[in-house]
Amino acid sequence: MKNLTNVTLLTLILLALPCRAREFWLGADISGTTLLEHMGKQLYNAAGEPRENTALMKELGLNAIRLRVWVNPRGGWSGADDVLVMARRARDLNMALMIDFHYSDWWADPGKQYPPKAWKDLDYTAMCDSLAKHTVDVLSLLKRDGIDVRWVQVGNETTDGFLWETGRASTHPDQYAGLTRAGYDAVKSVYPDAAVIVHVDCGSDAKRYDRIFGILKSNNVPFDIIGMSVYPYWDAKEGLQDHWTGTIDGVVANANRLSVLYDCPVMIVETGVEAAHPIEGKEILSAIIDAARNRCTDCLGVFYWAPEAEGQYPLGAFENHRPTVIMDAFKQ
């Protein structure tokens, strides 16, 4: 032992310490909760007991919450003050928090990435400044209230960039990269330890991930986590996969490839199954969670999108304002 260097001794000591497993996150985007409450909707657990939605998610075995942010939304729903209300609930229940900036006044997704009305006539430089200020303002509001933010999405499903046309990735890749960098730097200026997520849809399709992350990499734009949407239902509707098992196999292959290629973890930040078929839905969601936990080499967790949604949206996980068996997948 006397011939060992100090570095070698330290290495041996560290190897001898018990290995602490990294926490696997099970979450849900429940951004619509306060609007439901405003509409007089009461949620219940499976036993029919009244529950507030955040507390219900924890009761169902979840340990994290995701909240979207819109800039100047109708009625204030998912605006900064509304997000603060929900973030307080997550904090008080000791649930981890993900903030999802849409950089829009309304829904942003692969088919629409409309800039906020107040930003629509801005040039690229002013757009970067406005994005950064909005990001800092919202996160600072949360931080002043003692809320910890663990993850932040810079854009929602930015498969072709965001803030079109200025930040459309297919036509202005450098500007998309610059806007993403502005968001990344803004996040780190408020929460230095928060992980920044870049989020793309259709987790089984490698081509769209290579396109977006290739742009970011070639422009030296940092990111901490690759966020995925995983929806076997929509993959089947669009003819991308014949069966839900194909979606999951594709996601595993793509996630493992991306983790190595970009040396960072992935996370399924959105998923959902068909509410009309809850037994099969539970089987599919269980398979997604199992694949993320056990088949992906570096996946941090799985988030369900709007499980409490009923009616026009087909991929909720509630019936008569209470969870179906789909949500039991989170307890396995």
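Analyst: Helices (H or I, at least four residues) and strands (E, at least two) are DSSP runs, numbered from the N terminus. By that count the protein has 10 helices and 12 strands. The radius of gyration is 20 Å, close to the 20 Å from the globule rule for 332 residues, so the protein is as compact as a globular protein of that length. That radius is taken over C-alpha atoms, and the rule is 2.2 Å times the number of residues to the power 0.38. The model is predicted: local features need pLDDT of at least 70 and side-chain atom pairs pLDDT 80 or more, while totals for chains, interfaces and linings use all residues. Residues are numbered from 1 along each chain as its sequence is written, and side-chain values use heavy atoms, without hydrogens and water.

User: How many residues line the largest pocket, and which lie nearest its centre?

Analyst: On a 1 Å grid over the protein atoms alone, a pocket is an open set of points with protein on both sides within 12 Å along at least five of seven lines; lining residues have an atom within 4 Å of a point. The largest pocket has 46 lining residues, with W107, W305, A306, A309 and Y313 nearest its centre.

User: Which element supplies the largest share of that lining?

Analyst: α2 does, with three residues. α2 (33–38), β4 (64–69) and α8 (232–237) each give at least two residues to the lining.

Notes:
1 Å grid on protein atoms, 1.4 Å probe; cavity = no way out; pocket = protein on both sides within 12 Å on 5 of 7 lines; lining within 4 Å.
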